[in-house]
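User: I'd like to learn how to read a predicted model feature by feature. Could you walk me through this one?

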Amino acid sequence: EDKKIITTSNQEASMNTIYKTIKTEGLSATALLEKLEKRSVTVSTWAKEVIGISKFKPTKKQYDLVAIRGDEFTDEKRTTKNIYAEADKRGYGISPIELALYLRRIEQSDLGHPYVAVMHEPICGSHGCPGVLGLDRSVGGEWLGAWGAYPGDRWSREVLFVFLAPQVSSKKLGSGTSEPLPFDFSTVEVKIGGEVYKLVKKERS
């Protein structure tokens, strides 16, 4: 039976269901990527870059994950910014990036959805596009990729968006918490190759 999160609100039961419980093993990104390679998982070049740029911090603990389904939004409203805003309203936390690699050790069929986006802080690669890690099954088998996550990017209704359950979050999105938002879609701009891109903050002030 699915574990339930105890809340004080009248959220529907589907919002309170634990999607997956992941126990991390303190492994480095390199060690996890090697394990994926042995399972014949394809890791895209962009995903490798995102992982390399990220502040990957191996942990050894248990995480309860929750998810927002793509079909909970209309096609026009299913944007990166609105997905994070909905997680904010529910009190969900952003996922540590390492959880994408642990989830990728699970067969896609056992993940229950054809496309699973792990909603860590969006990270900008060398080409200037912020992205998050995503899991799917495509030509040649299972993939760990990186998917574009500009604020206005629209997502497929088939995607499942994974966050941390409220009680285990170390970085809460909710505006009522003591932690500020760890990124800001609206104000940060940088120049890359002569072009200006809206990006995410990498450091808190």
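User: Let's pick one residue. Where does Y19 sit relative to β1?

Analyst: Y19 belongs to the segment before β1, which spans 20–23.

User: And is Y19 buried or exposed?

Analyst: The cut-off you need is that buried means under 20% relative accessible area. Y19 comes out at 18%, so Y19 counts as buried. Across the chain, 48% of the 205 residues are buried.

User: Which residues does Y19 touch, leaving out those up to four places away in sequence?

Analyst: The list is L65, V66, A67, L111, V116, L160 and V162.

User: How much of the contact count comes from residues 24 or more positions apart?

Analyst: Among contacts with a separation of 6 or more, such pairs account for 70%.

User: Now charges. How many salt bridges are there?

Analyst: The general idea is that side chains of opposite charge can pair when their charged atoms come close. In this chain the count is 10 salt bridges.

User: Which residue does E142 pair with at 3.2 Å?

Analyst: That's R39, with 3.2 Å between the closest N and O atoms. E142 is in strand β7 (residues 141–148), while R39 is in the loop between α1 (29–38) and β2 (42–43), so the bridge links parts of the chain 103 residues apart.

User: What else does the side chain of E142 meet in a salt bridge?

Analyst: R104, at 3.6 Å from N to O. R104 lies in the loop between α4 (98–103) and α5 (108–111), so this pair ties β7 to a part 38 residues away in sequence. Both E142 and R104 are buried.

User: Which residues form a network of salt bridges?

Analyst: R69, D71, E72, E86, K89 and R90 are linked that way. One of the pairs is R69 with D71, at 2.9 Å from N to O. Both are partly exposed, R69 at 36% and D71 at 38%.

User: Last topic, the nonpolar packing. Which residues have the most contacts inside the largest core?

Analyst: As a general point, nonpolar side chains in soluble globular proteins tend to be buried together. Here the largest nonpolar core has 35 residues, and L65, L101, L103, L133 and L144 have the most contacts inside it. Elements giving two or more residues to this core include α1, α2 (45–53), β3 (62–69), β4 (115–118) and β8 (159–164). The largest share, 5 residues, comes from α4. There's also a second, separate core of 19 residues, with I83, I94, A117 and M119 among them.

User: And what does the surface of the chain come to?

Analyst: The accessible surface is about 10,600 Å², and carbon and sulfur atoms hold 49% of that.

Terms used: Residues are numbered from 1 along each chain as its sequence is written. This is a predicted model: local features need pLDDT of at least 70, side-chain atom pairs count only at pLDDT 80 or more; totals for chains, interfaces and linings use all residues. Side-chain values use heavy atoms; hydrogens and water are left out. Helices (H or I, at least four residues) and strands (E, at least two) are DSSP runs, numbered from the N terminus. Buried means under 20% relative accessible area, exposed over 50%, partly exposed in between (1.4 Å probe, protein chains only). Contact means heavy atoms within 4.5 Å. Accessible areas come from the Shrake-Rupley method with a 1.4 Å probe; for residues, only the protein chains shown count as cover. A salt bridge is a side-chain nitrogen of Lys or Arg within 4 Å of a carboxyl oxygen of Asp or Glu. A nonpolar core is a set of buried Ala, Val, Leu, Ile, Met, Phe, Trp, Tyr and Cys residues joined through side-chain atoms within 4.5 Å.
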